[in-house]
Amino acid sequence: MERAIQELRPFMNEGMQLTALPAKRKKKLAAYYYLAGRLEAGRRYTEAEINDILDQWTVFHDPATLRREMYNMRLLNRTADGAAYWKEEEIPALAEFIEKYI
């Protein structure tokens, strides 16, 4: 997580919120990884709860895009109807995660 934070410093405010989603793919992946780190393992969330958490850790407030991308990157999982979300149990280390999606 610390490596993700280092890569994202230029995109963070003093409250550790992302101020923008990086344009470069590698840093964008680090941003998704960082946000997934804000979720508790083993806990189920409603869509509204996920939105609130994503809004808490970003200032640009686009939880739908973030949720979708985190799901596509297998950082977040959900029920078929989207009623419940949870952090994936097996998330690789940041370097491995980035390598997988670059």
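Colleague: Is His61 buried, exposed or partly exposed, and why?
Modeller: His61 counts as partly exposed, because its relative accessibility is 46%. Bear in mind that this is a predicted model.

Colleague: Where is His61 in the chain?
Modeller: In the loop between α3 (47-56) and α4 (63-72). His61 also has a positive phi of about 45 degrees, although it is not a glycine.

Colleague: What about Arg74, what is its phi near?
Modeller: Phi of Arg74 is near 60 degrees, which is again a positive value in a residue other than glycine. Arg74 lies in the loop between α4 and β2 (76-78). At 56% relative accessibility, Arg74 counts as exposed.

Colleague: Confidence next. What pLDDT does the protein average?
Modeller: The average is 95, and 100% of the residues score at least 70.

Colleague: Where is confidence lowest, and where is it highest?
Modeller: Lowest in helix α1 (residues 2-8), with a mean of 87. The highest is in strand β1 (residues 44-45), at 98.

Colleague: Switching to rings. How many aromatic pairs does the structure hold?
Modeller: There are 3 aromatic pairs. One of them is Tyr34 with Trp57: the ring centres are 6.3 Å apart and the planes are at 85 degrees, so this pair is edge-to-face. Tyr34 lies in helix α2 (residues 25-36) and Trp57 in the loop between α3 and α4, so the pair ties together parts that are 23 residues apart in sequence.

Colleague: Is Tyr34 buried or exposed?
Modeller: Tyr34 is buried, because its relative accessible area is 1% and the cut-off for buried is under 20%.

Colleague: Which residues do ring pairs link into a cluster?
Modeller: Tyr33, Phe97 and Tyr101.

Colleague: What sits over the ring of Trp57?
Modeller: The charged end of Arg38, 4.8 Å from the ring centre. For Trp86, the charged end of Arg44 sits over the ring, 4.1 Å from its centre.

Colleague: Back to Arg44, then. What is its bridge partner in β3?
Modeller: Trp86 is the bridge partner of Arg44 there. Strand β1 is joined to β3 (residues 85-87) by 2 bridges, and the two strands run antiparallel.

Colleague: What order do the strands have in the sheet?
Modeller: The order is β1-β3-β2, in an open sheet of 3 strands with antiparallel pairing. Strands β1 and β2 stand at the edges with a single partner strand each, so one side of each is left without a neighbour in the sheet.

Notes:
Residues numbered from 1 in each chain as written. Predicted model: local features only at pLDDT ≥ 70, side-chain atom pairs only at ≥ 80, totals over all residues. Heavy atoms only, no water. Helix = DSSP H or I, 4+ residues; strand = E, 2+ residues; numbered from the N terminus. Buried < 20%, exposed > 50% of the residue type's maximum accessible area, 1.4 Å probe, protein only. pLDDT = per-residue confidence, 0-100. Phe/Tyr/Trp six-rings, centres within 6.5 Å; stacked < 30°, edge-to-face > 60°. Lys NZ or Arg CZ within 6 Å of the ring centre and 35° of its normal. Pairing = 2+ DSSP bridges.
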